[in-house]
Amino acid sequence: MPKLASYNGKVDSIENIKVSPMSRAFLFSDSVYEVISFYKKKFIDFETHLDRLKHSLNETKISCSIEDCKTEIVKLLNESRFEDGYIYYQVSRGVDSIRSHFFEESDCERFGFIEEFSFFNQSPLKVMLVDDIRWQRCDIKSTSLLGNVLQMNDAKSIGCNEILMHKNGELTEGGASNIFFVKDKTIFTPELSTNILPGITRYQVIKIIKDKKLNFEEGSYGIDDLKEASSIWFTSTTKGIVGVEEIVNLETKINPECELLEICKNAFVKRYFS
Ligand code: PDD
């Protein structure tokens, strides 16, 4: 069954979509994106994803109507037969006639596709601790993901399925997720900064933690904090909340069976999937 996609508002089978090689997304990764999940044909946190897309567009000075994006994403879902899954949607600055670092006002270029996906039965993660080699505006959901791609594939070559990044010893986030850890019955997560993506799942998990009145702190943490952690979790739109079973290059005492993780996971499933 061919994948269904949308290009500048036109929904078609992905094979029929023709994109110019002069697209600034192709030449410069001059584009931003969102991954939005849906369950039983309903988007999860749709408006929050649109707000973050707006933030990414504003910060990169890409002019694009967020209402057009919304209409196109809804159309893609409505034209698909999938009940559960996610939509990948990116907006580039447009298509140029010459390759130039300097940009001018142009029509933005929008591309998305829909994927079927099941949110349940995520296995615990095996993780490699790596240097965060990315740029300094990780709060923007840019399609320039070379730093993540290189480090994640190094990790894959030794049997890992995620990375945990640090910048000069300060924990930032996963390759495609945010991180939480538990130490002395308190849940910690790195505070928001330009070094991490303001994850929407992260935000929802923090809401759950606060609702449940669990001990919680946001701040700046280092590798030594991880060494003392009893549990580490990753959060993202496609992972939900998932525990770490091992950090392959760090001695830790982590236990994937964590009571606080179970409390948050159960509340998360109840909130979105019941
Ligand atoms: N990634 N940090 C990074 C670097 C991410 O790429 C993501 C999501 C997150 C979690 O954000 P959210 O909870 O809003 O999904 C954090 C998506 C899923 C991706 O690139 O496929």
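Let's start with a pair: strand E7 (residues 125-131) and strand E8 (residues 162-167) run parallel and are joined by 5 bridges. Strands are DSSP runs of E, at least two residues long, numbered from the N terminus, and two strands pair if DSSP finds at least two bridges between them. This is a predicted model, where local features need pLDDT of at least 70 and side-chain atom pairs pLDDT 80 or more, while totals for chains, interfaces and linings use all residues. Residues count from 1 along each chain as its sequence is written, and side-chain values use heavy atoms, leaving out hydrogens and water.

**Exercise 1.** Work out where Glu170 sits and what it touches.

*Solution.* 
- Glu170 belongs to strand E9.
- Its relative accessible area is 37%, which means partly exposed (between buried, under 20%, and exposed, over 50%; 1.4 Å probe, protein chains only).
- Skipping residues up to four places away in sequence, Glu170 touches Met165, Ser220 and Tyr221 (contact: heavy atoms within 4.5 Å).
- Tyr221 is 51 residues from Glu170 in sequence, yet their C-alpha atoms are 5.7 Å apart.

Key. Helices (H or I, at least four residues) and strands (E, at least two) are DSSP runs, numbered from the N terminus.
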